[in-house]
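Here is a friendly walk through a structure that may be new to you. Take a moment to look it over, and then we will go from one spot to the next.

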Amino acid sequence: MIKIKNLHKYFGKLEVLKGIDCEIKEREVVCVIGPSGSGKSTFLRCINLLEDITDGSIYIENVQVNDPKTNINTIRAEVGMVFQQFNLFPHMTVLDNITMAPKQIRGLGQAEAEALAQELLKKVGLASKAYNYPEQLSGGQQQRVAIARALAMKPKAILFDEPTSALDPEMVQEVLDVMKNLAAEGMTMIVVTHEMGFAREVGDRVIFMDGGYIVEEGKPEEIFSNPQHNRTKAFLSKVL
Amino acid sequence: MNFFDLDWHSVWNYRDMFIRGIGITLILTLSGYFGGIIFGLFLGLGKLSTKKWIYWPCKIYVDLFRGTPMLVQILLIHLAVIPTIFGHSLGYMVSGITALILNCAAYNAEIFRAGIQSIPKGQMEAARSLGLTHWQAMRKVILPQAFRRMIPPLGNEFIALLKDSSLVTVIAAPDILYASKVVAGATFRFWEPYLVAAVLYLVLTYGVTKLVAFVEKRLSTSYVPRKAKGRVAS
């Protein structure tokens with residue numbers, strides 16, 4: 001469903017991604033792990049072109065994302081994103097956060113959009129918070145709203161950029177549980193994470209990145225129990 | 001003249017001129033301000049553009065109008081620009097409002113630019129990641145947040161413009177200061193008319209200051225409406 005070919009990314013003179021090749025199938029949950037600065041977040045942000053890519057190509061459902069003729073907004077509407085810092089819109093209620101994009105882009109009416117939002121809030125366990133503002137919610141609740149906001153566009157895939165890294169430890173689980181349910185429903189997910197437990201339990205595949213390369217990838221049990229590369233071993237020995 | 005020997009009759013006799021002056025000052029200031037907000041918004045957005053052919057004209061405009069005295073701008077517009085374009089003067093009102101809009105827009109552009117840039121990058125990214133266009137994201141997400149942060153500097157700009165509007169006296173616009181000048185010229189008394197002008201400007205700016213403070217208090221602290229404040233997340 002998502003195909004990445006020879007992806008290179010420079011920030012000025014610094015090469016952050018040094019040729020990434022990768023394919024993500026429909027309904028697959030891919031967890032990207034690796035040390036900070038390894039390029040994993042940049043990799044994720046290149047997929048929906050939040051970072052413009054220096055070289056290579058990305059295809060989503062056979063449409064080349066980085067083709068100048070492609071309307072990137074249509075692609076982004078199909079690929080949700082969840083951020084480390086939640087990035088909820090502070091001036092809108094929880095409900096408006098979720099209904100805004102469907103109304104603007106999908107042309108949903110107010111009633112229709114609200115019904116959808118309520119249903120999604122129920123799904124992430126926050127039905128009672130529809131009329132609260134983001135600042136009234138805890139971090140874990142905000143992140144669950146952010147997931148509901150992404151889901152409201154009925155995306156074909158969701159990109160998670162360290163979704164639990166900014167959370168207090170006791171709130172990590174509630175967000176992971178929501179993500180686990182999504183995975184079970186068959187959502188295509190790419191998750192950049194430091195939660196090795198989640199990667200092991202929920203991931204169909206784990207990608208280990210370091211220094212701008214994909215060093216190793218495979219089934220979680222292979223990567224976690226029997227890593228092939230020294231860098232993978234060194235990293236896992238520190239985080240497990 | 002003895003300070004304690006003021007004769008307010010001279011001013012009182014010309015009260016109609018002062019009342020008209022207040023009207024003219026307010027019309028000039030309000031027109032200039034709201035025109036300046038609309039034009040300034042486009043200039044500010046232009047200064048944030050990554051396209052050079054948009055950025056540079058906006059930057060040069062802002063630098064020109066912030067770097068030259070408003071008095072010079074008013075005289076140029078009234079005596080040179082408008083007569084050249086239209087063949088004759090269009091009166092103090094057109095010249096005055098034009099000058100105030102053009103000048104105010106340059107200052108507002110910087111306020112808008114700074115306000116927009118103060119919104120965390122993640123807000124734009126989140127909006128764009130949902131599929132919104134740049135302009136949709138601006139309108140729905142960035143500007144509503146940025147406007148709150150712009151309230152204090154926009155209030156300051158209003159006060160500055162209100163005072164600067166007195167410069168249109170040089171093109172014989174009958175504003176507050178002009179009334180004072182007329183009274184001074186007719187009566188040869190200077191304390192009373194100019195003191196009255198000072199007090200009138202002070203009253204107007206003080207009112208605006210209070211209004212801005214009120215709006216700021218209502219909006220700048222929290223997005224949560226007061227009546228919903230009780231409902232805290234559990």
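B:Tyr33 is a buried residue, with a relative accessibility of 8%. Here buried means under 20% relative accessible area, exposed means over 50%, and partly exposed is what lies in between, using a 1.4 Å probe and protein chains only. Before going on, please note that this is a predicted model, in which local features need pLDDT of at least 70 and side-chain atom pairs count only at pLDDT 80 or more, while totals for chains, interfaces and linings use all residues. Residues are numbered from 1 along each chain as its sequence is written, chains are lettered from A and ligands numbered from 1 in the order in which they are written, and side-chain values use heavy atoms, with hydrogens and water left out.

Rings of Phe, Tyr and Trp (its six-membered ring) pair if their centres lie within 6.5 Å; planes under 30 degrees apart count as stacked, over 60 as edge-to-face and the rest as tilted. The pair ties together parts that are 125 residues apart in sequence, because B:Tyr33 lies in helix H2 (residues 15-47) of chain B and B:Phe158 in helix H7 (residues 134-164) of chain B. Helices (H or I, at least four residues) and strands (E, at least two) are DSSP runs, numbered from the N terminus. B:Phe158 also counts as buried, at 10% relative accessibility. Ring pairs bring in B:Phe34 too, linking B:Tyr33, B:Phe34 and B:Phe158 into a cluster.

Helix H7 of chain B takes part in another pair, that of B:Phe112 and B:Phe147. These two rings are edge-to-face, 5.9 Å centre to centre with 90° between the planes. B:Phe112 lies in helix H5 (residues 91-117) of chain B and B:Phe147 in helix H7, so parts 35 residues apart in sequence are tied together. B:Phe112 is buried, with a relative accessible area of 0%, whereas B:Phe147 is partly exposed at 33%.

Staying in chain B, we can look at its annotation. An unreviewed UniProt entry lists "transmembrane region" for residues 20-43, 64-86, 92-109, 167-188 and 194-215 of chain B. UniProt positions are given in the numbering used here, feature names are shortened, and annotations may be inferred rather than shown by experiment. In the model, residues 92-109 of chain B are 100% helix and 0% strand, with the end C-alpha atoms 25 Å apart. Residues 167-188 of chain B are 55% helix and 0% strand, and their end C-alpha atoms are 22 Å apart.

Where does B:Thr169 lie? B:Thr169 is in the loop between H7 and helix H8 (176-187) of chain B. Its relative accessible area of 5% makes B:Thr169 buried. Leaving aside residues up to four places away in sequence, B:Thr169 touches B:Asp175, B:Leu177, B:Tyr178 and B:Lys181; contact means heavy atoms within 4.5 Å.

Now let us see how the chains meet. Contacts join 30 residues of chain A to 26 residues of chain B. About 2,400 Å² is buried between chain A and chain B, and carbon and sulfur atoms give 55% of that. Buried area is the accessible area (1.4 Å probe) that two parts lose on being put together, summed over both. On the chain A side, A:His91, A:Gln104 and A:Gln136 lose the most area to chain B, together 23% of what that side buries. The count between the two chains is one salt bridge, a side-chain nitrogen of Lys or Arg within 4 Å of a carboxyl oxygen of Asp or Glu. The side chains of B:Glu125 and A:Arg45 meet in a salt bridge, 2.6 Å from N to O.

Finally, chain A has some loops worth a visit. A:Asn132 is in the loop between helix H4 (110-123) and helix H5 (139-151) of chain A, and is buried at 6% relative accessible area. Most residues other than glycine have a negative phi. A:Arg27, however, has a positive phi near 65°. A:Arg27 is found in the loop between strand S2 (14-24) and strand S3 (29-33) of chain A, and counts as exposed at 53% relative accessibility.
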